[in-house]
Amino acid sequence: MKKLILAPNKGEKAYARAVEAFADMYFKVTGVTLPIVYEDDGVSDLYVIGSDAVNTWLVDRMLSGEIKNFGIRYGTDDYCIRSINEGGRNVVILAGGRGRSTVYAVYDFFERFADCHYFWDGDVIGHKDEINADGADILEIPRFNYRGLRYFAHRGLHRFQAEHWSFEDWKAEIDWMVKKRLNFFMLRIGMDDLWQRVFPDDVPYPDQDQENYNRIGYNDRTIFWSLQYRGELRKKLLEYAFEYDLMHPEDCGTMSHWYSPTPTEFFDKVKFMDQSDRKYLKPETQIFDIRDDGQMEIYMKLTEGYVNEYNPNASIFHTIGMAERFMLPDRDSNMRLKLFAYRRIAQSLREKYPNSKLMIASWDFIGWWKSEEVRALLGELDPERTMLLDYTSDIDDPDQSFLNWGTIGKFPWIFGLFHAYEPESSLKGQYDRNDERLRVAAADPMCQGMIFWPELSHSDPLILEYLTENSWQPLKMTVEQIAKRFCERRYGDRAEKMNEIWQKALPLIKSEDWGGISQRDPSDPEAKKYNRNMDVHRKMWFNYECFLAEKDQGKLTHFKYKLEQYREVVPVSIEVLDMIAKLPKAYFDDPFILRDAIDLARTAIGRYMQRLMMQAKLYEADGERERIVALRDTFMPLIRDMAELLGYNPDFSMHESLERLKKEAPVNKNFEYTLKKNSLNYYCRQYAYEPTKYLYIKECELAFSEIITGEKHEAEYKELLDEFYATPLSEMKAEPQGDLRSVISHAADTLRSAGELF
């Protein structure tokens, strides 16, 4: 029988997106193009898109009782998929409470009935002559109202850094968000051209080929694409997201920070606040003195700029307050000022956007506030207009978390996972602890959302599955079950073997997370479990200067604790590598398997390397330098294997990332130097082929030599850096030799022969 797509007669743009998505997916699955119509011919089978609120065909049938109530809450993300028989013809109804949930229904339909599955790096499309949904009566209601992601402003590798992405990349990402039933996202990918748009007479557009080499490391914000282009890109991607009915919070003012510096042209107009701790002293990273009415006016003009230029219907705003800042010399005065800042921001929003909500970011609370201070702040805020956006719910120390802030049952909040700093692109996550805390959130009616807020994107496909599963209906599956389903959906007939590897790797994956910061007194017997500052994560990658300077006793105590925990999973690293190395060669022709196998392998090798570095610092502190020789003799082959491993996938190539930028738009001719600076500093080092192959290996040799012999190598280290900066990335292109499996097997043999090093 002939089949038609019966489109809604009214409704927001997302309903049209739902119709387009259904037609596209149906063609991909069956090879058949279905006609899209707005009136029923009375004889054809139908796919009815939209509820009775927008699709006229349903109205009389709903009013007569021929079709019973869908069970959805209109205006929400609920949706229904129902199959009925009407006079001998088959009718499938995909009814959402609003436009975006109707899109959810479409993609869920093809997942359930056509073996289609969705991942950030591509879809798995089933192939069927007919799609049979007979008897379907599915109702989906999400637990959380806010489900989403944040994108951050680091640079380096295209896969992980959203600032590198083109409009086509963003379209694919937004499509994936909707396929996975997310509804909320936030851009923290630099300032684009906001200042130029809001203050055109004061702030000109910079030259396309500007140089800003006086800034070190991540502070060098030399543009790669022009700001004009970036502004239009932001506008386009937000417009595309709003067509799907997605939510995007707009920043209140601007946080003058390394990724969003104040233009130099503005320094003469504003006297920014001094800081008593002498941090953020560069003018472009100092913050507005919002005690001053004139500066508050500038602050709010920037807020209005976000709305007027990018999001005319903005109803959600975001602030991080005076994060990381100590402006006044004593703590009490400083806290009073921070509290005042939140009051004034909230009041300004009430004046200008009376129907809006303000999200208060949790970042400042975990390292700069005491729990009683957070409770005091929440006691001052209007729970009808404000919510706590806690994206650090997975912090190590429970005393620094939402568990101790007085939110539960009292104040609206969002549960969130931070998961990773820039260097931490390996697979990780304290899933058992996450489950325990998520259980608290799920049971709390005041918890309104679940988000994922890392400093880099696409680092870990398992945590993305964990997010999308649990943000819809929390704790219906264990992480082991989520991993199994992930394999079944992603790898086809190779799922069983890949699932064996993922299940074997889970204890290793669970052995590490980003940690956070603890304010516990060192005398507390529990203190050793938790990081006392946020630097431990930076030791994942060998950094000559930081590694040699690492002598803090609190960190060393934490290293001992981590090594004790890790001993149990050391054998897992070897087993995981062996299992990957034994996969048939043909498996690696599948881009999903190639990417995931490298992720699993670099996690197993990298985790072991990190522990070797920790042990080396402990031996050095105890004066046992001769024992470091054995660590070096294991570490050096591993880092060489790591370099070769990364060469097998352009995900990890800085050169490939730079070339992708050039394909999208003209790139600053001086940007390669900045890209290296942005990637090589202590804060941002991560798995990248070129620096691992041509810099880190040599740095490691120098650093181990210095630890073992006491001989200083500062001059040689500087020569290495200068040489790397001077060598074009095009001359360091990866040229993998032979079988990837042999590299992984060699790493396994190295670990096997190392014996007991800890």
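How many residues has helix α18, and how far does it reach from its first C-alpha to its last? Helix α18, residues 591-621, has 31 residues and reaches 45 Å between those two atoms, close to the 45 Å expected at 1.5 Å a residue, where the expected span is 1.5 Å times one less than the number of residues. Before I go on, please keep in mind that this is a predicted model, in which local features need pLDDT of at least 70 and side-chain atom pairs count only at pLDDT 80 or more, while totals for chains, interfaces and linings use all residues. Residues are numbered from 1 along each chain as its sequence is written, and side-chain values use heavy atoms, with hydrogens and water left out. Helices (H or I, at least four residues) and strands (E, at least two) are DSSP runs, numbered from the N terminus.

Staying with α18, the helix is mostly covered, since 29 of its 31 residues are buried, a word that stands for under 20% relative accessible area with a 1.4 Å probe and protein chains only.

Let me turn to two single residues. H318 lies in strand β12, residues 316-319, and is buried, with a relative accessible area of 2%. Its side chain makes a polar contact with the side chain of D251 at 2.8 Å; such a contact is a pair of N or O atoms within 3.5 Å, and within protein one must be able to donate a hydrogen and the other to accept it, while residues adjacent in sequence count only if both atoms are side-chain atoms. Leaving aside neighbours within four places in sequence, H318 is in contact, that is, has heavy atoms within 4.5 Å, with residues including M186, R188, L358 and L389.

W363, in helix α9 (residues 363-368), is also buried, at a relative accessible area of 9%. The side chain of W363 makes a polar contact with that of E324 at 2.8 Å, and the C-alpha atoms of W363 and D390, although 27 residues apart along the chain, are separated by 7.6 Å.

To finish, which residues lie nearest the centre of the second largest pocket? They are Q210, R221, L227, P261 and P263, among the 33 residues that line this pocket, and a pocket here is an open set of points on a 1 Å grid over the protein atoms alone, where a 1.4 Å probe fits, with protein on both sides within 12 Å along at least five of seven lines, lining residues having an atom within 4 Å of a point.

Technical notes: Buried < 20%, exposed > 50% of the residue type's maximum accessible area, 1.4 Å probe, protein only.
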